[in-house]
Amino acid sequence: MDQGLAALLGATVGVLGTVAASAISSGATRRQLEGQAKVEHSQWRRQLRRDAYSAFLAPANESRSALKTAARALIGEASDVAEADRRLQIAQDQLVLVQTAWASLAVEGPESVEQAAHSVHQGLHSMHTTLLAWRDSEGAPDRNVNFVERHAVEVTMVSERLGRFTSAARAALDD
């Protein structure tokens, strides 16, 4: 074989080897960057969900607390309707925030968290409605025993629903 041809063949093999190594390296770098982008996107989505879950949970707990305080103001002979009304208004304001946060959860998901949040919202709304009816029946001869009992059941239900929401949210964040 001619020396010139051997040199040309050697150079061609060298160039092809360099191009192949570059292509392999470029592909590996691209896959690494895609993997890193997926991880970063996943972390970003997790943070969005965590923020949405917290934005729901905080006013839900505030609403529940205000409703329980309103009920305490209505119990007994010396009920404090003004204090109950004040607490009911606080609860209503927090329920508006709960509703807004629930709308975000419907988008952020997953469905299990959204359904748990919806259940909490319904329970809080039911508590609020019961307390309004209780307040409006003030002075009833049966001392509003039915409302007291119903409220006690609703407090338990909302607490359980908040627990289910928290568990669903935690599970969704761990996925």
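Tutor: Contact here means heavy atoms within 4.5 Å. This is a predicted model, in which local features need pLDDT of at least 70 and side-chain atom pairs count only at pLDDT 80 or more, while totals for chains, interfaces and linings use all residues. Residues are numbered from 1 along each chain as its sequence is written, and side-chain values use heavy atoms, leaving out hydrogens and water.

Setting aside neighbours within four places in sequence, arginine 161 is in contact with Ser119, Val120, Gln122 and Gly123. A polar atom of the arginine 161 side chain lies 2.9 Å from the backbone oxygen of serine 119. Arginine 161 is buried (under 20% relative accessible area; exposed is over 50%, partly exposed in between, with a 1.4 Å probe and protein chains only). It has no salt bridge, and the nearest side chain of opposite charge, glutamate 160, is 6.8 Å away. A salt bridge needs a side-chain nitrogen of Lys or Arg within 4 Å of a carboxyl oxygen of Asp or Glu.

Now for the part I'd like to study closely, helix α2. This helix covers residues 81–108, 28 residues in total, and reaches 40 Å from its first C-alpha to its last, close to the 40 Å expected at 1.5 Å a residue (that span is 1.5 Å times one less than the number of residues). Its buried residues include Leu88, Leu95, Trp102 and Glu108.

The structure holds six salt bridges. In one of them, glutamate 108 pairs with arginine 45, with the closest N and O atoms 3.1 Å apart. Since glutamate 108 belongs to α2 and arginine 45 to helix α1 (residues 3–74), the pair ties together parts 63 residues apart in sequence. Glutamate 108 is buried at 14% relative accessible area, whereas arginine 45 is partly exposed at 26%. After α2 comes glycine 109, with a positive phi near 65°.

Through shared partners, Glu83, Arg86 and Arg87 join into one network. Glutamate 83 is partly exposed at 21%, as are arginine 86 at 43% and arginine 87 at 23%.

Key
Lys and Arg count as positive and Asp and Glu as negative; His and the chain ends are not counted. A polar contact is a pair of N or O atoms within 3.5 Å; within protein, one must be able to donate a hydrogen and the other to accept it, and residues adjacent in sequence count only if both atoms are side-chain atoms. Helices (H or I, at least four residues) and strands (E, at least two) are DSSP runs, numbered from the N terminus.
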